[in-house]
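User: I have a model open here and would like to go through it with you. Could you start with the terms you will need?

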Amino acid sequence: MPTALFGNEPEHTWCYYYARAELARQQADWKQIVDLYMNAVELGYSPEDTLEYLPFIEAYAQVGDVERAIALSESALLSNPRMRIGLCELWNRAPNTDQARELIKSINCPE
């Protein structure tokens, strides 16, 4: 993009990593989403709205790091009870593991 018309690219903050993760989620590029999350966290970024953790939680579940996905889920849910509905949707489409079923049950997801 011509800088003269559009200006310089803004600093890459949480919003950049979240937007890229959402695009990668649409393509089921789970590894890229995990990499984006790790980069954002290394730089000290985090969301203002915990709902923005959802693509990262799903990516960890999809790549088989269910423990990290569950830890992020529980942390997000503690800070924002509104996360329950989104987490239930996410975990109902995630790979079916004993840990996933346990989490679904513990947060009272509808069957």
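Analyst: A disulfide is a pair of cysteine sulfur atoms within 2.5 Å. This is a predicted model, in which local features need pLDDT of at least 70 and side-chain atom pairs count only at pLDDT 80 or more, while totals for chains, interfaces and linings use all residues. Residues are numbered from 1 along each chain as its sequence is written, and side-chain values use heavy atoms, with hydrogens and water left out.

User: OK, how many disulfides does the structure hold?

Analyst: The structure holds 1 disulfide, formed by cysteine 88 and cysteine 109, whose sulfur atoms are 2.1 Å apart.

User: What about cysteine 15?

Analyst: Cysteine 15 counts as exposed, because its relative accessibility is 53%.

User: Switching topic, how many helices and strands are there?

Analyst: The chain has 7 helices and 0 strands, and buried residues make up 37% of its 111 residues. Its C-alpha atoms fill a box of roughly 55 × 25 × 25 Å along the principal axes.

User: How do H3 and H4 pack?

Analyst: Helix H3 (residues 30-42) and helix H4 (residues 54-62) pack at an angle of about 125°, with their axes 8 Å apart. Those axes are lines fitted to C-alpha atoms over the stretch in contact, and the angles run from 0 to 180 degrees between N-to-C directions. H3 and H4 are therefore oblique to each other, given that angles under 35 degrees count as roughly parallel, over 145 as roughly antiparallel, 65 to 115 as roughly perpendicular and the rest as oblique.

User: Which residues make that contact?

Analyst: Among them are Trp30, Ile33 and Tyr37 of H3, and Pro55, Phe56 and Glu58 of H4, with contact meaning heavy atoms within 4.5 Å.

How values were computed
Buried means under 20% relative accessible area, exposed over 50%, partly exposed in between (1.4 Å probe, protein chains only). Helices (H or I, at least four residues) and strands (E, at least two) are DSSP runs, numbered from the N terminus.
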